[in-house]
Amino acid sequence: MGQEQSYVSEDTPPLTLPERSLAAVAGHIKSGRARRIVVMTGAGISTAAGIPDFRSPETGLYANLAALDLPEPEAVFDLSFFRENPKAFYVLARELYPGARYRPTVSHVFIALLARKGLLHMLFTQNIDCLERAAGVPADRIVEAHGSFATQRCIECKAEFDDAKMRAFVAKGEVPRCEAEGCGGLVKPDIVFFGEALPRAFFELSDRAKEADLILVMGTSLQVHPFAGLPNMADEDVPRVLFNLERVGSFGTQADDVMVLGDCDAGIRKLADELGWRDELEKTWRELVGEEEVERQMQGAKKRVAALHDEVSKLAEEVEEVLHIDDKDEAGQEAEKKEDQGTPVVNPGEKAAKTEEKTQAAIESPQHDASPSKPDDQSQVEQVPKVDGTDESTKKAVL
Ligand SMILES: [Zn+2]
């Protein structure tokens, strides 16, 4: 875990860093040459917080949404579906609402430290969980590319709706309606649904990515444009570091790309070590979330590793079974068998195609990041049912 990698030939020297390593990146920061750090985050940064991947058929949240007759999990972020059945979204909203359940991870706190040290130029996040804000990243340094729960408005007349009232509705799992005279339209948080444009702030501030002298990308599969294009906006000699389970986007093709593949928090801790910030990072995080949450997240990390091992052995068994069938030369049966075992509710290719279709107008579901086809077993970590009371919380939300 956390090995630093590159696809650039070993003979190609980096342009800016002395070498392609986290130590070199830390040196770059400590030397004062990185003062405009741009960070990009996706669902992977919040996995350790326990935020369920609602697309995973195995999570309680999905089961909960299934009980609400969703045609597919993505429907929860579909505006036309919302008009017909707003309740489904509000089940999810109650779960994800800022401050309701989830607490920042050590990676979120690291970004807040960058800001505190005057090094954060801008954070672009695909997440709607507002955990960066909760970690203390100043609001004026955050671009929530897919919107957030911070504000809300009527989907018909666009009138804004009061924050405190919204919070009360969400807590009760009730659907708020517009209070403008004669309207009564549905109220929706300013989260980007399919068919909606990205927030204006994204386009107004995306130039900040061009100004970066260091780019840190954490926990995103960089599948959806225009967000996915952000890491390519800076000059080629700007070092880019990827903290993710697998290689994504154009990472590994530039001379100063450093890839730290593995658990996001583990990679961030390693960078903090190199910077000499580790104690400050851990202390700030512990003070923010409390010992109980620290313990929960640390246990969760262990469980995710265990779940990954389970996945691998299951996969090995399946492969063995298929090979066995091949031996008997019964290809037809093999296909049939595979179909039977096919746990995914939506096959990844289909899902990706569907997503592409829906994202043509540069839109996407906020958690899209956690989705499409990830053949590599490491990526299964994200798909594993989230430990720690997801089922229980889901039941509560349903009742
Ligand atoms: Zn209205």
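Visitor: Where is the place of Ile215?

Guide: Ile215 belongs to strand 7, which spans 214-218. Strands are DSSP runs of E of at least two residues, helices are runs of H or I of at least four, and both are numbered from the N terminus. The model is a predicted one, in which local features need pLDDT of at least 70 and side-chain atom pairs count only at pLDDT 80 or more, while totals for chains, interfaces and linings use all residues. Residues are numbered from 1 along each chain as its sequence is written.

Visitor: Why is Ile215 called buried?

Guide: A residue is buried if 20 or more other C-beta atoms lie within 10 Å of its own, exposed if 12 or fewer, and partly exposed in between, with C-beta atoms placed from the backbone. Ile215 has 26 other C-beta atoms within 10 Å, and therefore counts as buried.

Visitor: Which residues are in contact with Ile215, leaving aside its neighbours within four places in sequence?

Guide: They are Val38, Pro231, Ala234, Val238 and Arg240. Contact here means that the two C-beta atoms, placed from the backbone, lie within 7 Å. Ile215 and Val39 are 176 residues apart in sequence, yet their C-alpha atoms are 5.8 Å apart in space.

Visitor: What makes Arg286 partly exposed?

Guide: Arg286 has 14 other C-beta atoms within 10 Å, and so it is partly exposed. Arg286 sits in helix 10, residues 278-289. Not counting residues up to four places away in sequence, Arg286 touches Glu291 and Val294. From C-alpha to C-alpha, Arg286 is 8.8 Å from Val106, although the two are 180 residues apart in sequence.

Visitor: How do you know that helix 5 is roughly perpendicular to helix 10?

Guide: Helix 5 (residues 106-116) packs against helix 10 at an angle of about 115°, with the axes 9 Å apart. Axes are lines fitted to C-alpha atoms, for helices over the stretch in contact, and angles run from 0 to 180 degrees between N-to-C directions. Angles under 35 degrees count as roughly parallel, over 145 as roughly antiparallel, 65 to 115 as roughly perpendicular and the rest as oblique. Helix 5 is therefore roughly perpendicular to helix 10.

Visitor: Which residues make that contact, and how do they divide by class?

Guide: Helix 5 contributes Val106, Val109, Phe110 and Leu113, and helix 10 contributes Glu280, Leu281, Thr284, Trp285 and Leu288. They divide into 7 nonpolar, 1 polar and 1 charged. Here Ala, Val, Leu, Ile, Met, Phe, Trp, Tyr, Cys and Pro count as nonpolar, Asp, Glu, Lys and Arg as charged, and the others, Gly among them, as polar.

Visitor: What makes helix 1 oblique to helix 9?

Guide: The axes of helix 1 (residues 22-30) and helix 9 come within 9 Å and cross at roughly 55°. Helix 1 is therefore oblique to helix 9. The contact is formed by Leu22, Ala23, Val25, Ala26, Ile29 and Lys30 of helix 1 with Lys270, Leu271, Glu274 and Leu275 of helix 9. By class, this contact has 7 nonpolar, no polar and 3 charged residues.

Visitor: Which residues of helix 9 are buried?

Guide: Cys264, Asp265, Gly267, Ile268, Lys270, Leu271, Ala272 and Leu275 are buried in helix 9. Just after helix 9, Gly276 takes a positive phi of about 75°.

Visitor: Why is Lys158 called exposed, whereas Leu222 is called buried?

Guide: Lys158 has 11 C-beta neighbours inside 10 Å and so counts as exposed, whereas Leu222 has 23 other C-beta atoms within 10 Å and is therefore buried. Lys158 lies in the loop between strand 5 (147-154) and helix 7 (163-172), and Leu222 in the loop between strand 7 and strand 8. Phi is positive at Lys158, about 70°, and at Leu222, about 45°. Most residues other than glycine have a negative phi, and most peptide bonds are trans.

Visitor: Which residues does a cis peptide bond join?

Guide: The cis bond joins His225 and Pro226, with omega about 10°. Pro226 is in the loop between strand 7 and strand 8 (240-244).
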